[in-house]
Amino acid sequence: MRLTIRSMAVIAVIAALYAALTLAVAPLSYGMIQFRVSEALTILPYFTPLAIPGLTIGVVIANFFSSLGMVDVIVGSIATLIAAVWTYRIKNKWLVPIPAILVNAVIIGTEIGLLEGKVSLIPIAMLWVGLGELGVTYLLGMPLLFALEKRKHLFKID
């Protein structure tokens, strides 16, 4: 894939949207029990590979404001990168949210448990992060997917 000005603009818009949506509902975006509205955008790799760096950069920016510090910037970004690549490979639209749900539940849940210093907290953190992700990706992400499906031409890479 060639990196054009248009593709860089798409990446930047996705990153900015993700960061802005995360920060707009900041109290709900961080912690063990979270409803990160911006995670609805994790359906975007279904339409374009440009969403992979866009989402990852957006998480980097958003997680600079996390109480978990630089660990969350790094770990959260890696989790997003993994989930976005996996999402890009999915062809069944009903399964598109699954990578974000599973990857974030496992990786971010483990991160929260370890940073809290309580290994016994990891399964609970995984459950809460997974439930929040499930809610956002299916309640907000799927309607977004269906709306964007009618506008696939917006994601055409030159």
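Predicted model: local features only at pLDDT ≥ 70, side-chain atom pairs only at ≥ 80, totals over all residues.

Q: Which residues touch the most other members of the largest nonpolar core?
A: A nonpolar core is a set of buried residues joined through side-chain atoms within 4.5 Å. Here the largest one has 22 residues, and Ile 43, Leu 44 and Leu 55 touch the most other members.

Q: Which helices each supply at least two residues of this core?
A: They are helix 1 (5–24), helix 3 (51–63) and helix 6 (122–149). Helix 3 gives the largest share, 5 residues.

Q: What is Ile 43 in contact with, leaving aside its neighbours within four places in sequence?
A: With those neighbours set aside, Ile 43 is in contact with Val 96, Gly 141, Leu 144, Leu 145 and Leu 148.

Q: Which residues are among the 7 of the other core?
A: Ala 83, Val 103, Ile 112 and Val 129 are among them, and this core lies apart from the largest one.

Q: How many cavities of 30 Å³ or more does a search of the whole structure find?
A: A cavity is a set of points where a 1.4 Å probe fits but cannot get out. The search finds 2 of them at 30 Å³ or more.

Q: Which residues lining the largest cavity are the closest to its centre?
A: Of its 19 lining residues, Gln 34, Arg 36, Asn 63, Asp 72 and Ile 108 are the closest to the centre. Helix 3, helix 4 (70–88), helix 5 (98–115) and helix 6 each give two or more residues to this lining. By class, the lining has 7 nonpolar, 8 polar and 4 charged residues.

Q: Which residues line the second largest cavity?
A: Its lining consists of Gln 34, Phe 35, Arg 36, Glu 39, Val 129, Gly 132, Glu 133 and Val 136. By class, that is 3 nonpolar, 2 polar and 3 charged residues.

Q: Gln 34 lines the second largest cavity too. Is Gln 34 buried or exposed?
A: Buried means under 20% relative accessible area. Gln 34 has 14% relative accessibility, so Gln 34 counts as buried.

Q: Where is Gln 34 placed, and what is Gln 34 in contact with?
A: Gln 34 is in the loop between helix 2 (26–29) and helix 3. Leaving aside neighbours within four places in sequence, Gln 34 is in contact with Leu 28, Ser 29 and Gly 132. A polar atom of the Gln 34 side chain also lies 2.6 Å from the backbone oxygen of Gly 31.

Notes:
Residues numbered from 1 in each chain as written. Heavy atoms only, no water. Buried < 20%, exposed > 50% of the residue type's maximum accessible area, 1.4 Å probe, protein only. Helix = DSSP H or I, 4+ residues; strand = E, 2+ residues; numbered from the N terminus. Contact = heavy atoms within 4.5 Å. 1 Å grid on protein atoms, 1.4 Å probe; cavity = no way out; pocket = protein on both sides within 12 Å on 5 of 7 lines; lining within 4 Å. Points joined across faces, edges and corners; volume = space filled by probe spheres on them. Nonpolar A, V, L, I, M, F, W, Y, C, P; charged D, E, K, R; others polar. Polar contact = N/O pair within 3.5 Å; in protein donor to acceptor, adjacent residues only side chain to side chain.
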